[in-house]
Amino acid sequence: MRVSQREKPPLADSLATEANEGQSFQENIDKKIERYSRARKRATDIISHVELEFQKTHAPGLAKIRDGLIECGNYLHFRHYPTKSQTRLFNANFCKKHLFCPLCAIRRASKSLSSYLERYKTVLEQNPNLKPYMVTYTVKNGDDLSERYEHLTKSLSKLVQNRRRALTSKNSRHATEWKKIKGAVGSFEFTNKNKGNGWHPHVHIIVLVEKGEMLDEATLRAEWLKITGDSHIVDVREIYDKNDPDNENPISGFVEVFKYALKFSDLSYQQQIHAALTLSKRRLLFSIGLFRGVKVPDSLVDEQIEDLPYIDLLYRFIDGQYQLREVGLEQVKSIRLG
């Protein structure tokens with residue numbers, strides 16, 4: 001096997017601390033509020049650009065998107081459960097336009113991450129001989145985002161089709177590295193960071209293979225070049241957490257897959273609006289094999305814990321940041337709120 005021995009994928013700050021494990025109440029809520037404030041500020045800043053785009057193009061739906069962004073995230077209502085040391089988002093108003101709104105993108109990605117991590121744990125309990133890898137495929141950059149999206153997704157569909165044929169046929173001409181994959185979940189990402197180089201489309205995929213069957217990167221690259229005709233870049237990395245040698249909770253690789261489709265910090269507002277309109281009705285998440293059938297909740301708030309004492313915290317977005325406006329219950333005196 002040849003697997004890239006590079007650093008494990010960096011954690012996306014927007015997701016890595018959505019969980020409460022190992023964090024104090026104050027650390028958890030402070031990081032969430034700081035992150036959500038930055039996201040809401042970006043969403044606020046893009047409103048005027050959406051309005052200008054609407055005035056120029058009268059594109060269907062832009063007025064509704066603008067109105068949704070104005071109201072989205074004006075308040076965040078958290079519930080802290082002292083006996084469980086967990087803080088969950090109880091209520092908020094969301095526009096659910098994740099390609100326009102970084103706040104909704106964070107919440108959507110968090111829900112997807114939780115749902116697929118739960119499936120992974122279940123799969124591993126039933127199939128302890130499986131091992132996760134992260135595979136990244138790219139295609140050549142281009143100025144036409146729609147065309148590059150179609151090229152990437154059609155090429156990926158060909159890989160999945162080759163796997164299906166290899167699993168159902170004994171004919172050696174259908175041989176593919178993807179036959180080793182027992183399950184996969186992946187998401188598409190599009191960046192446009194380097195001026196003049198066009199859109200950079202790629203897909204991050206968590207794949208599960210038998211521990212004795214290793215993915216060969218050179219073979220994956222050759223197969224990818226044959227399918228795409230213009231691209232051979234494939235990256236394979238073991239998902240390994242030094243604090244979790246059994247990979248029961250390989251959150252680093254999963255975070256990389258479920259971060260947002262658009263990297264907002266690398267895009268101008270005009271680029272983001274163009275990409276959001278181009279990709280708004282396209283499939284940006286897919287799964288096969290053991291990962292099929294996962295249901296990601298439509299709601300962007302958290303599931304609440306029943307029959308436990310809680311403290312209500314209400315934040316409102318004021319002057320570019322979330323500020324604590326109301327606190328419920330006297331028990332709050334035992335918690336430093338800053």
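Predicted model: local features only at pLDDT ≥ 70, side-chain atom pairs only at ≥ 80, totals over all residues.

Me: At what angle do helix H2 and helix H8 pack?
Reply: A pair of packed helices is described by the angle between the axes and by the distance between them. Here helix H2 (residues 25-57) and helix H8 (residues 269-279) have axes 10 Å apart. H2 and H8 count as roughly perpendicular, because angles of 65 to 115 degrees fall in that class. The angle between H2 and H8 is about 75°.

Me: Which residues of H8 make the contact with H2?
Reply: From the H2 side come Arg 42, Asp 45, Ile 46, His 49, Val 50 and Glu 53. By class, the contact of H2 with H8 has four nonpolar, three polar and three charged residues. On the H8 side, the contact is made by Tyr 269, Gln 270, Gln 272 and Ile 273.

Me: Is strand S6 largely enclosed by the rest of the structure or left open?
Reply: A residue counts as buried when its relative accessible area is under 20%. Four of the five residues of strand S6 (residues 234-238) are buried. That is why S6 is described as largely enclosed.

Me: Which residue in S6 stands opposite Thr 136?
Reply: Strand S3 (residues 130-138) runs antiparallel to S6, and the two pair over five bridges. Thr 136 has its opposite number in S6, and that residue is Asp 235.

Me: Which residue in S7 is the bridge partner of Ser 187?
Reply: Strand S4 (residues 181-191) and S7 pair in the antiparallel sense, with five bridges between them. Within S7, the bridge partner of Ser 187 is Leu 285.

Me: Which strands stand at the edges of the four-strand open sheet?
Reply: This sheet has the order S2-S1-S8-S9, with antiparallel pairing. Its twist averages 30° from one strand to the next. A strand at the edge has a single partner strand, so one side of it is left without a neighbour in the sheet. The edge strands are S2 (86-92) and S9 (321-327).

Me: How many residues apart in sequence are the parts tied together by Arg 282 and Glu 150?
Reply: Side chains of opposite charge can pair when their charged atoms come close. The side chains of Arg 282 and Glu 150 meet in a salt bridge of 2.6 Å, N to O. Arg 282 lies in the loop between H8 and S7 while Glu 150 lies in helix H5, so the pair ties together parts whose separation in sequence is 132 residues.

Me: Are Asp 302 and Arg 107 buried or exposed?
Reply: Asp 302 forms a salt bridge with Arg 107, with the closest N and O atoms 2.6 Å apart. Asp 302 sits in the loop between S7 and strand S8 (311-318), and Arg 107 sits in helix H4 (residues 102-126). Both Asp 302 and Arg 107 are buried.

Me: How many salt bridges does the structure hold?
Reply: One of them joins Arg 38 and Glu 34, at 3.4 Å from N to O. Arg 38 and Glu 34 both lie in helix H2, four residues apart, about one turn of the helix. The number of salt bridges in the structure is 16.

Key
Residues numbered from 1 in each chain as written. Heavy atoms only, no water. Buried < 20%, exposed > 50% of the residue type's maximum accessible area, 1.4 Å probe, protein only. Pairing = 2+ DSSP bridges. Axes fitted to C-alpha atoms, helices over the stretch in contact; angles between N-to-C directions. Parallel < 35°, antiparallel > 145°, perpendicular 65-115°, else oblique. Contact = heavy atoms within 4.5 Å. Nonpolar A, V, L, I, M, F, W, Y, C, P; charged D, E, K, R; others polar. Salt bridge = Lys/Arg side-chain N within 4 Å of Asp/Glu carboxyl O.
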